[in-house]
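Trainee: Please take me through one part of this structure at close range, the place where the ligands sit. After that, show me how the rest of the chain is laid out around it.

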Amino acid sequence: MSKNREIGDIFDTMADILDLLEDNPFRIRAYRNAARNIRELTVNIEDIVNRDELTKIPGIGKDLGDKISEFIQTGKINDYDKLKKKVPEGLVELLGIQGLGPKTLSKLNKELGIKNLDDLERALEGKKILTIHGMGEKKVEDIKRGIELLKHSGERMPLGIALPLAEEIIFEISKIPGTEGTIAAGSLRRMRETVGDIDILTMAKNGEEIIKAFTNLSPVKEVLAAGDTKGSVILENGTQIDLRVVEQESYGAALLYFTGSKAHNIKLRTIALEKGLKINEYGAFRDKEKIAGKKEEEIYKTLELPWIPPEIREDKGEIEAALDSRLPNLIELEDIRGDLHMHSKWSDGKVTIEEMAQKAKGLGYEYIAMTDHSPSSRIARGLSVERLYEKKKEVEELNKKIKGIKIFMGSEVDIKSDGSLDYPDEVLKDLDIVIASVHSGFKMDRESMTRRIVKALQNPFVHALVHPTGRLIGEREAFEVDMDEVIKTAKSLGKALEVNSYYLRLDLNDINVRKVTQVGVKLVISTDAHLPDQLGMMRLGVSTARRGWAEKKDVVNAMDLKGLSKWLKEVRKE
Ligand code: DGT
Ligand code: CA
Ligand code: CA
Ligand code: ZN
């Protein structure tokens with residue numbers, strides 16, 4: 001963190017504490033102004049301290065200037081430490097909650113005795129908090145969301161959140177005059193399941209202007225750095241975005257460099273050295289002569305390598321495969337012909353089967369499977385056998401009514417703790433497709449869980465195991481299971497394992513997909529959508545599959561309707 005930002009944060013916190021203490025409003029405002037001015041400086045505050053020009057910064061008088069010097073020299077500010085001691089420690093922490101200002105906090109402290117996060121969370125669940133002036137249901141919700149944000153701050157962001165956000169920012173940057181080829185780099189371009197920060201690259205000549213326009217975009221909360229080739233900002237939601245502006249001559253080299261991974265880049269540089277070349281973010285060089293730089297392909301070519309897709313640039317064998325001309329031909333979103341896992345109003349989905357089907361048809365799909373829950377999933381309104389047959393009738397009617405898309409009648413059937421399924425076989429056999437999953441008893445030991453899942457896969461009517469490890473990114477670890485054993489079973493029975501595309505699942509993950517594709521077990525990539533728009537998460541699942549080196553031939557729902565219908569029957573040996 002830059003010193004500018006550190007000092008800005010301290011002054012803001014001092015203002016908050018003074019606010020809590022109902023100190024002099026002018027003094028409070030002085031700290032806030034100083035904080036903002038220091039953050040907005042385009043130079044390092046340390047340099048100014050050295051030149052003794054602190055008081056030239058607007059809003060910085062002798063008193064604040066001394067505090068800044070003190071911080072630069074000793075790493076702390078005595079008055080800040082003293083001030084912190086005047087309020088309960090837990091209260092200062094609460095100041096970090098978005099949507100909860102010092103004035104409200106002060107009232108909560110005085111009137112309800114709230115001193116820390118525990119107190120606050122308890123109060124938010126009760127009714128009494130609504131008696132505080134300015135508190136309403138909405139405010140309570142805002143504060144709750146603020147607490148969630150605070151708890152998760154500092155964690156890596158799920159790809160499914162980062163991707164649309166990055167696309168929005170890229171769209172904004174593309175509108176800045178002079179920019180061209182604006183593109184995501186870093187872990188986001190490699191489609192890692194979570195990203196630390198968002199890296200963006202653009203091509204332009206007037207770097208300084210571009211960076212300036214970038215730092216002025218509306219969702220920017222804080223500017224960490226702004227030069228003529230690099231800008232770095234924090235958005236309102238806490239996300240860091242790094243923008244690099246490069247010249248056309250080095251665009252490819254910079255894109256390669258900033259896409260990473262670091263391990264991939266290091267391996268490339270080693271190969272370059274062996275050939276007497278040097279590669280960096282400006283290009284590939286022989287002695288002083290630049291021999292490539294405009295395009296990624298050109299750089300790879302100087303190393304006698306084909307272009308390698310970003311998703312597999314992790315130094316996990318891709319460079320060796322490229323040298324041997326055996327790079328995988330990765331599955332693409334356009335290869336997907338249908339979605340085999342989704343829910344409708346019949347269980348916990350939000351819309352009708354017809355609405356889901358129409359949306360899927362709009363995406364160009366040839367088929368979907370409507371897989372509502374089974375009875376054990378009570379919270380998800382799982383279907384009784386009777387309702388299951390009613391739904392089957394509706395599907396049959398819809399298939400007559402809607403042209404251009406086939407709806408398979410399916411179910412996502414719970415795997416009970418003994419490995420048996422939640423509907424009897426006579427019922428399962430009447431369904432076009434059965435996908436099985438674990439929704440309870442996550443804490444089972446590894447052996448029992450493995451036995452449970454293997455047994456479910458052995459049911460002759462099951463086609464696929466879905467969200468095979470049960471993990472929820474940032475919320476719940478995968479359960480204990482011997483994945484190699486599960487894969488072996490799937491292989492011997494010709495059954496598929498799912499890559500669930502829901503942004504918090506991405507389950508199987510990239511590592512497990514790689515294991516699966518290595519032994520030639522089939523994958524099904526599906527969304528588990530509960531809303532029409534969620535069908536769009538397919539791209540997250542496809543990227544995860546790509547990171548696991550999956551090809552079109554590995555994916556059952558990359559087959560056309562005829563191929564898939566045949567496969568569904570083959571699995572059951574019909
Ligand atoms: P993240 O942000 O933690 O999800 O992961 P990345 O991969 O986006 O990492 P980040 O943002 O620190 O840097 C972006 C890319 O820049 C990284 O993938 C490779 C490149 N890079 C950064 N630092 C170095 C370095 O020290 N050496 C090399 N060769 N490349 C680097
Ligand atoms: Ca990054
Ligand atoms: Ca970065
Ligand atoms: Zn589901």
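Mentor: Gladly; we will begin with the ligands, step out to the domains, and finish with some residues elsewhere in the chain.

This is a predicted model, in which local features need pLDDT of at least 70 and side-chain atom pairs count only at pLDDT 80 or more, while totals for chains, interfaces and linings use all residues. Residues are numbered from 1 along each chain as its sequence is written, chains are lettered from A and ligands numbered from 1 in the order in which they are written, and side-chain values use heavy atoms, with hydrogens and water left out.

Let's start at the calcium ion (ligand 3). Its protein donors are Asp197 (OD), Asp197 (OD), Asp199 (OD) and Asp242 (OD), at 2.3 to 2.8 Å from the ion. Donors are N, O and S atoms within 2.8 Å of the metal (3.2 Å for Na, K and Ca), and since water is not among the atoms, sites may look incomplete. Along the chain, the donors of ligand 3 follow the spacing D-x1-D-x42-D. Look at aspartate 197 again: this residue bridges the calcium ion (ligand 3) and the calcium ion (ligand 2), and the two ions lie 3.7 Å apart. Aspartate 197 and aspartate 199 are both buried (buried means under 20% relative accessible area, exposed over 50%, partly exposed in between, with a 1.4 Å probe and protein chains only).

Those two aspartates lead us to ligand 1. In total, 15 residues surround ligand 1, and the closest are Arg156, Ser187, Gly196, Asp197 and Asp199; a residue is near a molecule or strand if one of its heavy atoms lies within 4 Å of it. Arginine 156 places a polar side-chain atom 2.8 Å from an oxygen atom of ligand 1. Serine 187 has a side-chain N or O atom 2.5 Å from an oxygen atom of the ligand. Glycine 196 uses its backbone instead, with an N or O atom 2.8 Å from an oxygen atom of ligand 1. Taken alone, ligand 1 exposes 590 Å², and the protein buries 71% of that (accessible areas come from the Shrake-Rupley method with a 1.4 Å probe, and for residues only the protein chains shown count as cover).

Which elements give two or more residues to the shell around ligand 1? They are α11 (186-189), α13 (251-259) and α14 (262-274). Helices (H or I, at least four residues) and strands (E, at least two) are DSSP runs, numbered from the N terminus. By residue type, the shell divides into three nonpolar, six polar and six charged residues; Ala, Val, Leu, Ile, Met, Phe, Trp, Tyr, Cys and Pro count as nonpolar, Asp, Glu, Lys and Arg as charged, and the others, Gly among them, as polar.

Now step back to the domains. The domain assignment, which is automatic or from a database, gives domain 1 (2-84), domain 2 (92-152), domain 3 (157-246), domain 4 (250-323) and domain 5 (333-571). Ligand 1 lies between domain 3 (157-246) and domain 4 (250-323), because both give residues to its shell. Domain 2 and domain 5 have C-alpha centres 41 Å apart.

The protein chain has 24 helices and 17 strands, and its C-alpha atoms fill a box of roughly 85 × 75 × 45 Å along the principal axes. Of its 574 residues, 52% are buried.

A few backbone details come next. Glycine 260 and serine 261 are joined by a cis peptide bond with omega about -5°, and serine 261 sits in the loop between α13 and α14. Another cis peptide bond joins aspartate 507 and leucine 508, with omega about 5°; leucine 508 is in the loop between β16 (496-500) and α22. Glutamate 22 has a positive phi near 55° although it is not glycine, and it lies in the loop between α1 (3-20) and α2 (25-39). At 55% relative accessibility, glutamate 22 counts as exposed.

To finish, visit helix α22 (residues 510-519), where threonine 517 is found. Threonine 517 is buried, with a relative accessible area of 15%. A polar atom of the threonine 517 side chain lies 3.1 Å from the backbone oxygen of arginine 514.

Definitions and conventions
A polar contact is a pair of N or O atoms within 3.5 Å; within protein, one must be able to donate a hydrogen and the other to accept it, and residues adjacent in sequence count only if both atoms are side-chain atoms.
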